[in-house]
Amino acid sequence: MSEENINIGWRAPSNIALIKYWGKRANQLPENGSLSITLEKSTTTTFLSFRKKESGNSEIALNYYFHGDRLPQFEKKTELLLNNLLPEMPFLVDYELEFHSENNFPHSTGIASSASSMSALALCLVSMEELVNGKKMSREIFFRRSSHIARLGSGSASRSVYGGLVLWGNTPCLKESSDEYATPYLLPEDSRLNKLMDIILIVSSMQKSVSSSKGHALMNEHPYRDGRKSQANTNLEKITEAIRTNDYQTIASIAENEALSLHALLMTSGSDGLLLKPGTLHIIEEIKRYRDSTGLDIFYTIDAGPNVHLIYYEDQREQVLSFVQKSLSQYCEGGQWIDDKMGNGPVQLTPEQKI
Ligand code: DP6
């Protein structure tokens with residue numbers, strides 16, 4: 001390998017969970033299995049540039065730029081993660097590392113930026129590993145390892161290294177599933193579920209009062225902890241069966257049950273866990289009303305925040321868009337919503353595309 005700077009770039013999408021990962025054990029191992037839709041448009045682009053250190057010091061050496069600025073809190077978080085990765089990526093201390101990262105979606109919009117950013121970071125690190133070891137992995141091993149590394153950064157990021165529907169967590173619903181890494185949940189080519197769409201309705205872009213990490217920690221002592229685990233497992237079983245049989249109504253009702261359960265758990269966690277806003281409830285009411293009157297296969301899901309993801313199928317796009325404009329955008333902050341859909345997963349970039 002040359003002594004020059006080497007550049008590696010990946011663009012990775014965020015994802016939205018239908019079955020929620022909520023509660024974890026040590027090392028970001030999930031308490032229950034989760035299932036998500038990888039988005040297409042909401043992405044993080046990260047470039048890692050690295051060169052061999054001249055001195056032999058054994059500390060992680062990194063700079064982290066976010067939208068062109070050095071961000072000390074990102075740098076600290078990344079340094080902590082890289083130090084944790086040293087037992088399996090010891091080469092990291094031999095290089096000077098520089099990360100340049102950008103999100104293409106606004107901050108705090110209900111799109112999990114840790115999922116896309118940790119997934120892009122992990123893909124860069126595993127690409128670097130291939131280069132420094134001079135050994136190419138099979139694509140299957142490469143993405144599995146990236147998912148495992150991404151998980152150590154942020155649990156939901158483990159799912160963002162794959163496109164389509166993605167499952168993470170050991171479950172009898174999928175033979176090859178694991179707590180350590182996510183697995184693509186493959187659909188038949190002609191499945192209508194390949195055309196899932198997501199409109200993200202921005203009710204509020206204010207910083208959340210409870211971070212996901214804090215929310216997971218609150219589950220450790222939560223009075224409904226055991227109940228939640230068995231509910232999530234049952235919901236995962238039911239939704240995978242509904243996906244197999246194209247039972248769109250069950251898919252919708254399980255996804256909505258998960259969104260409301262997540263917030264019920266937050267609200268009963270003994271901390272300030274009321275993250276829903278009046279606009280969130282208005283949107284839920286409107287979606288139910290519109291679904292009842294039209295029979296369309298639309299449903300909502302919500303992450304740990306106030307913003308609503310309206311999920312629908314491409315063949316109903318025209319009606320859904322006019323419904324959003326006419327009935328839902330009034331509840332969005334500044335009328336703001338994001339038009340996204342299920343995507344194919346991360347893309348490797350060439351050094352010429354460097355940001
Ligand atoms: C509600 O993956 O953000 O979005 O592992 O602490 O980084 P950490 O948490 P994170 O939790 C995501 C929780 C969720 C549900 C989900 O995406 O499954």
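In this predicted model, an oxygen atom of the ligand lies 2.9 Å from an N or O atom in the side chain of His 216. The largest nonpolar core has 41 residues, and a second, separate core has 31.

**Ligand surroundings**
- The side chain of Ser 213 has an N or O atom 3.3 Å from an oxygen atom of the ligand.

**Nonpolar cores**
- Within the largest core, the residues touching the most other members are Leu 82, Leu 92, Leu 97, Phe 99, Leu 125 and Met 128.
- Two or more residues of this core come from each of strand 1 (6-19), strand 4 (34-52), strand 5 (61-66), helix 1 (72-85), strand 7 (95-103), helix 2 (113-133), helix 3 (139-153) and strand 8 (165-168).
- The most is given by helix 2, with 9 residues.
- The second, separate core of 31 residues includes Leu 167, Phe 299, Tyr 313 and Met 342.
- Leaving aside residues up to four places away in sequence, Leu 97 is in contact with Leu 48, Ser 49, Phe 50, Ala 61, Leu 62, Asn 63, Leu 82, Leu 92 and Met 128.

**Helix 1**
- Helix 1 comprises 14 residues and spans 20 Å from its first C-alpha to its last, close to the 20 Å expected at 1.5 Å a residue.
- Its buried residues are Glu 75, Thr 78, Leu 81, Leu 82 and Leu 85.
- Viewed down the axis of helix 1, these buried residues fall within an arc of 130° and therefore line one face of the helix.
- Strand 5, strand 6 (69-70), strand 7, helix 2 and helix 3 are among the elements that cover the buried residues of helix 1.
- Exposed residues Pro 72, Gln 73, Lys 76, Leu 80 and Asn 84 are carried on the face of helix 1 turned away from its buried side.

**Helix 8**
- In helix 8 (residues 317-328), Val 320, Phe 323, Val 324, Ser 327 and Leu 328 are buried.
- These residues lie on the same side of helix 8 because they cover an arc of only 105° around the axis.
- The buried residues of helix 8 pack against strand 10 (196-201), helix 7 (278-294), strand 12 (308-313) and strand 13 (337-341).
- On the face of helix 8 turned away from the buried side, Glu 318, Gln 325 and Lys 326 are exposed.

Notes: Residues are numbered from 1 along each chain as its sequence is written. This is a predicted model: local features need pLDDT of at least 70, side-chain atom pairs count only at pLDDT 80 or more; totals for chains, interfaces and linings use all residues. Side-chain values use heavy atoms; hydrogens and water are left out. Buried means under 20% relative accessible area, exposed over 50%, partly exposed in between (1.4 Å probe, protein chains only). Helices (H or I, at least four residues) and strands (E, at least two) are DSSP runs, numbered from the N terminus. The arc is that of the directions from the helix axis to the C-beta atoms. Contact means heavy atoms within 4.5 Å. A nonpolar core is a set of buried Ala, Val, Leu, Ile, Met, Phe, Trp, Tyr and Cys residues joined through side-chain atoms within 4.5 Å. The expected span of a helix is 1.5 Å times one less than its number of residues. A polar contact is a pair of N or O atoms within 3.5 Å; within protein, one must be able to donate a hydrogen and the other to accept it, and residues adjacent in sequence count only if both atoms are side-chain atoms.
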